[in-house]
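This report is intended to be read alongside the sequence and the model, which are shown next.

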Amino acid sequence: MDIPPSSLHNQHIEKKNEFSFRFGFVFLFVISVGLNIYLLYFNQKKDVVVASLPQDSEVVPLFELPEVYKKEVSPPVKTSQATRTAVITPVSFTVPSERKVEGKTIHSLNFKVRNSLNYSVCRIISREKGCAALSAHLGRLMAWFMDIKKGVRNGDYLEVVYQQLEGPEQFKILKLSYKSKLFGKTFEAFYFDEFDPKNGGYFDREGKEIAQRIVEAQSPIRHYIEITSLPGDFRKGMGGHSGTDFKAEVGTPIYSGFSGKVTRTNWNVRANGYCVEIDHPKLGIKTLYLHLSRVKVKPGQTIRVGQQIAESGNTGRTFAPHLHYEIQKRKNKKIIYNPFTFKHHKSYTRKIPSQHYPSFQKTVKLYNAVIKES
Ligand SMILES: [Zn+2]
């Protein structure tokens, strides 16, 4: 049987294309692996500059590198690499019993940031040991210093002292120090709670709190463990997070941030859980309170500022008990305000009370020593 010449011709072209495609792919793959090996192993010193990759201006990508890519570029753990990887080797030891943190095992890490916080931490600690959770904790704390979407740069230097709590992936950061190229300074946060064990927080070296608080009269919640997410938090998906999450025990009283009128309750319960929306026409905003355990108001009801409207809970799409508090622009709900910068919310930061200051200074010294010893 004769095959029409046009068909043969086509086949030939197809084969040729396939070949050049494969060749091109293999070529690019080899180049990319080579470049990454170069960057990882030979570009560790500060004075080595890769002309085509100006690290100073390189913005760290948000997304995770695909698994395959990671395997290719991760440095193998070999004894011959010991000297090079020494700087990022995790160190853990038990603090002597005469210290305040007696009996607790304290860990520390210090490393140069590469690609992203998550990527950097997961190069040192395995996924099984919770590197993703630890880097999420770091990101949460750092969100008070900068927009980590834009602020984290390759070559920034991070030190962290932390404690592994009971339960999987449970960490408590005791000290964070972040040397930022972009800001030209080192941000520091030390955990301290001796003055109020139920309401501890992170403080700078001078004893000024890192996180802000809304004044009690206007705060949707007065007792919470920590703020676990701020508006725009990229970990919550593409559009970012639309509210502020306050981690709190189920049943914590929830108050209206401003006077207004309840517009609706318990809509889209599958996602929001029990929830309340209050309209504040004078301020041009609406406030939303989600994942409640109990709603104490009805649509149409007039609300005073500071009036209790609900109890916090763990309903709807949540992983842990928390309040999601959201301030929306009234005429465009896509415009979200950060409660800590919103002009109608008064916020403040605490200072360590003077009688606890000497003890705080000791804590600072202790955590700094942990880093030095490692
Ligand atoms: Zn939320």
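## Basis and confidence

This is a predicted model, in which local features need pLDDT of at least 70, side-chain atom pairs count only at pLDDT 80 or more, and totals for chains, interfaces and linings use all residues. Residues are numbered from 1 along each chain as its sequence is written.

The average pLDDT (the predictor's confidence in each residue, from 0 to 100) is 78 for the chain, and 70% of the residues score at least 70. Residues 1–16 have a pLDDT below 50, and this stretch has one contact in the model beyond near neighbours in sequence; two residues are in contact if their C-beta atoms, placed from the backbone, lie within 7 Å. For residues 41–100 the pLDDT also stays under 50, while the model has 54 contacts for them beyond four places in sequence. Where pLDDT is low, the predicted coordinates should not be read in detail.

## Helix H5

Helices (H or I, at least four residues) and strands (E, at least two) are DSSP runs, numbered from the N terminus. Helix H5 (residues 131–142) has 12 residues and spans 16 Å from its first C-alpha to its last, close to the expected 16 Å, a value given by 1.5 Å times one less than the number of residues.

A residue is buried if 20 or more other C-beta atoms lie within 10 Å of its own, exposed if 12 or fewer, and partly exposed in between, with C-beta atoms placed from the backbone. Because 10 of the 12 residues of H5 are buried, the helix is largely enclosed by the rest of the structure. Among these buried residues are Cys131, His137 and Arg140.

## Nonpolar cores

A nonpolar core is a set of buried Ala, Val, Leu, Ile, Met, Phe, Trp, Tyr and Cys residues joined through C-beta atoms within 7 Å. The largest has 50 residues, of which Ile254 and Tyr289 touch the most other members. H5 gives the most to this core, with five residues.

## Ala189 in strand S5

Ala189 belongs to strand S5 (residues 185–192) and counts as buried because it has 24 C-beta neighbours inside 10 Å. Beyond four places in sequence, its contacts include Leu141, Tyr202 and Ile210.

Neither is a glycine, yet phi is positive at about 50° for Asn266 and about 45° for Asn268. Asn266 is partly exposed, whereas Asn268 is exposed.
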